[in-house]
Amino acid sequence: MGQVCSENRGLARAGNVLSETHGEFIVSRYRLKQADGIALVRANRESGQQPLAFASRPFILCGLPVRKPPPDQLLFERRNGSFLLQITGHPQFGLPFGQDRLVLIFLATLAVRQKSQVVRFRSAAEMLDCFGMAKGGKEYRRIVGAFERMSGATSFFSTEANRSSATVVHRSRFNFLREAEIWYCRSAEGSAVENVITITDEFYAEISGHPIPADLEAIKVLAAAPALLDLFLWLSYRCFVAKGPDVIPLFGPYGLTQQLGCVEYSRPSRFRAMLEQWLRTIRSLWPECPAFISADGRTLRIDRRTAILPIPIAT
């Protein structure tokens with residue numbers, strides 16, 4: 001203590017001393033907020049009071065880019081078995097990436113709640129509140145960019161199904177938004193002005209026909225980690241539709257790395273290590289999650305479970 005004090009010619013702040021001598025005891029505000037969020041997710045789950053958001057099936061099966069693609073890359077492709085997703089970005093705005101996926105969840109949630117193809121919300125702050133995000137200039141600029149990229153992007157997806165007599169191929173190409181009237185000026189917040197977005201017929205048909213529920217509080221915890229959020233939503237859906245134990249390869253043309261929006265890893269061992277870290281976080285939110293990496297490190301093993309529990313019926 002004497003050395004620390006002599007440098008400052010007085011008493012040192014306790015936080016500074018602790019960081020210099022026992023840095024492992026320092027917990028950041030983000031970690032504290034994350035811990036509180038995890039505790040809330042588990043409490044809501046145990047009490048059967050999970051607040052719901054909704055996601056679109058194609059973007060659960062195949063994720064958007066996690067990191068910003070190079071400016072000259074305007075096509076992104078992911079494959080999940082017989083399901084193929086391609087996203088084409090606008091030449092001016094580029095491909096959607098990172099937290100832009102929250103815009104899709106936000107719009108899908110509003111469309112399901114409002115039961116309308118035309119969704120309305122008061123301000124950008126409503127979206128930030130929905131996902132527990134800070135309200136600052138950087139966050140508002142991020143929302144502006146996200147809506148620009150989503151409004152300019154085109155989605156193409158196809159599926160194949162083998163029937164007894166033939167193979168049925170379904171293909172669809174659509175934009176996300178038909179029309180958007182969005183007030184980006186922060187001074188308009190709190191006024192009577194509404195933001196109005198008209199979702200395209202195709203995107204609304206997908207949302208209304210296959211709304212995929214997800215735990216809103218869990219999404220808040222993972223909002224700053226797009227790759228981890230992708231895996232959580234993917235596991236929630238795949239475990240729900242699984243008929244029993246299933247095995248997904250980690251690598252190869254139909255592997256997990258080709259389904260999620262995560263970046264390519266230079267070595268398989270790096271992806272496995274990151275996947276194990278993600279699974280630990282997911283288990284803290286969803287202790288019954290049945291996913292684990294096989295002993296040989298080549299596959300992910302899952303089983304049927306539900307991340308969204310049914311609401312208990314009062315007796």
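Colleague: How many bridges join β10 to strand β12?
Modeller: A quick note first: this is a predicted model, in which local features need pLDDT of at least 70, side-chain atom pairs count only at pLDDT 80 or more, and totals for chains, interfaces and linings use all residues. Strands (E, at least two residues) and helices (H or I, at least four) are DSSP runs numbered from the N terminus, and two strands pair if DSSP finds at least two bridges between them. Strand β12 covers residues 299-302 and runs antiparallel to β10, and the number of bridges joining them is four.

Colleague: Which residue in β12 is the bridge partner of Ile 248, and what is the strand order of this sheet?
Modeller: Ile 248 has Leu 300 of β12 as its bridge partner. The sheet is open, has three strands and shows antiparallel pairing. Its edge strands, β10 (246-249) and β11 (292-293), each pair on one side only. Reading across, the order is β10-β12-β11.

Colleague: Which helix packs on that sheet?
Modeller: The helix touches β10 and β12, where contact means heavy atoms within 4.5 Å. Its direction makes about 55 degrees with that of β12, taking axes as lines fitted to C-alpha atoms, for helices over the stretch in contact, with angles from 0 to 180 degrees between N-to-C directions. The helix spans residues 226-241 and is α10.

Colleague: Why is α5 called oblique to α10, and how far apart are their axes?
Modeller: Two packed helices are described by the angle between their axes and the distance between the axes. Angles under 35 degrees count as roughly parallel, over 145 as roughly antiparallel, 65 to 115 as roughly perpendicular and the rest as oblique. Helix α5 (residues 101-114) packs against α10 at about 45 degrees, so α5 is oblique to α10. The distance between their axes is 11 Å.

Colleague: Which residues of α10 make the contact with α5?
Modeller: From α5, the contact involves Arg 101, Leu 102 and Ile 105. On the α10 side, it is made by Pro 226, Leu 229, Asp 230 and Leu 233.

Colleague: Is Ser 236 buried or exposed?
Modeller: Ser 236 is found in helix α10, and its contacts beyond four places in sequence are Trp 286 and Ala 307. Its side chain reaches the backbone oxygen of Phe 232 at 2.8 Å. Residues under 20% relative accessible area count as buried, over 50% as exposed and in between as partly exposed (1.4 Å probe, protein chains only). With 14% relative accessibility, Ser 236 is therefore buried.

Colleague: What is the phi value of Lys 115?
Modeller: Lys 115 is found in the loop between α5 and β4 (118-121). With a relative accessible area of 70%, Lys 115 is exposed. Its phi is positive in a residue other than glycine, near 50 degrees.

Colleague: With which side chain does the side chain of Lys 135 make a polar contact?
Modeller: Lys 135 is found in the loop between α6 (124-130) and α7 (137-152) and is partly exposed at 46% relative accessible area. Leaving aside neighbours within four places in sequence, its contacts include Ala 125, Leu 128 and Tyr 140. A polar contact is a pair of N or O atoms within 3.5 Å; within protein, one must be able to donate a hydrogen and the other to accept it, and residues adjacent in sequence count only if both atoms are side-chain atoms. Here the distance is 2.5 Å, and the partner is Asp 129.

Colleague: How far is a side-chain polar atom of Ser 284 from the backbone oxygen of Thr 281?
Modeller: Ser 284 lies in helix α11 (residues 268-285). Beyond four places in sequence, Ser 284 is in contact with Ile 38 and Arg 42. The backbone oxygen of Thr 281 lies from a polar atom of its side chain at 2.4 Å.

Colleague: In the sheet β4-β8-β7, which residue of β8 is the bridge partner of Glu 179?
Modeller: This is an open sheet of three strands with antiparallel pairing, and its edge strands are β4 and β7 (177-181). Its neighbouring strands are turned by 15 degrees against each other on average, direction ignored. Four bridges join β7 to β8 (residues 195-199). In β8, the partner of Glu 179 is Thr 198.

Notes: Residues are numbered from 1 along each chain as its sequence is written. Side-chain values use heavy atoms; hydrogens and water are left out.
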